[in-house]
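Hello,

Here is the structure we talked about. Please look through it first; my notes follow below.

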Amino acid sequence: MLNSNNKKTNHRLDSTKKYIDDLSKNYSKLNIVRVDLGYTKKDSKKVTFEDANNHFKNMLNNTRSKPTVFGEMVGYIAKKEIGEDKGVHIHTLFIYDGNKVREDITKAEQIGEYWKKDITKGKGLFHNCSKNEYKNKAVGVIDYKDEEKRKIFDEKVLTYLCKDEQSIDSLKTNIKDRAFTRGIAPKKKSNAGRPRSVNNDE
């Protein structure tokens with residue numbers, strides 16, 4: 001029998017796969033940009049979970065006013081964690097229309113610099129995961145017909161992000177804050193281009 005953590009992980013994984021499926025129905029190619037957002041060693045000891053959550057919310061709220069970084073963004077997935085060395089940090093996937101945005105490494109760099117300089121005012125740092133030379137690199141542009149790359153993406157990237165490895169409940173001062181969040185896919189083919197950036201928290 002599955003324990004509650006496994007059930008939560010499986011539900012989260014299934015619903016997140018469906019989220020990607022729904023995006024793929026609207027965009028024949030998705031550009032998956034993977035970047036980890038965190039804080040400098042000096043500042044990580046002082047940054048609370050709520051601080052990080054507010055920083056990330058501000059970033060999402062600014063996507064429309066920062067088209068050079070977030071233009072053609074169609075969704076996102078984020079998992080917040082806390083570590084002894086890193087403090088609070090956020091594993092993120094920013095998802096773009098792959099027919100219009102091709103460069104995942106450049107885009108991850110833009111997102112990271114925006115986080116570091118504008119959102120956290122110099123307290124932040126980032127790791128451009130899109131640069132990593134994984135054996136089976138499943139980020140970057142995924143064509144909806146590329147079943148093999150999508151399978152690797154589900155198994156290597158989504159499974160990792162959806163794991164419920166640690167509880168952050170004791171760190172929360174706001175009961176509405178969530179460790180795992182993602183956008184909401186459009187329900188039907190969007191004529192306006194990009195879907196609304198609305199949070200779906202679990």
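K121 lies in the loop between α5 and β4 (124-128); helices (H or I, at least four residues) and strands (E, at least two) are DSSP runs, numbered from the N terminus. Its phi is near 55°, a positive value in a residue other than glycine. K121 is exposed, with a relative accessible area of 66%. Here exposed means over 50% relative accessible area, buried under 20%, and partly exposed in between (1.4 Å probe, protein chains only).

This is a predicted model, in which local features need pLDDT of at least 70, side-chain atom pairs count only at pLDDT 80 or more, and totals for chains, interfaces and linings use all residues. Residues are numbered from 1 along each chain as its sequence is written, and side-chain values use heavy atoms, with hydrogens and water left out.

E72 is not a glycine either, yet has a positive phi of about 70°. E72 sits in the loop between α4 (67-70) and β2 (73-83), and counts as partly exposed at 32% relative accessibility. Most residues other than glycine have a negative phi.

Next, the helices. α6 (residues 147-162) has a kink of about 35° centred on D154; the bend at a residue is the angle between axes fitted to the seven residues ending there and the seven starting there. D154 is buried, and among the other buried residues of α6 are I152, F153 and V157.

Where does α3 touch α5? The contact (heavy atoms within 4.5 Å) is made by A52, H55, F56, N58 and M59 of α3 and I111, Y114, W115 and I119 of α5.

Regards
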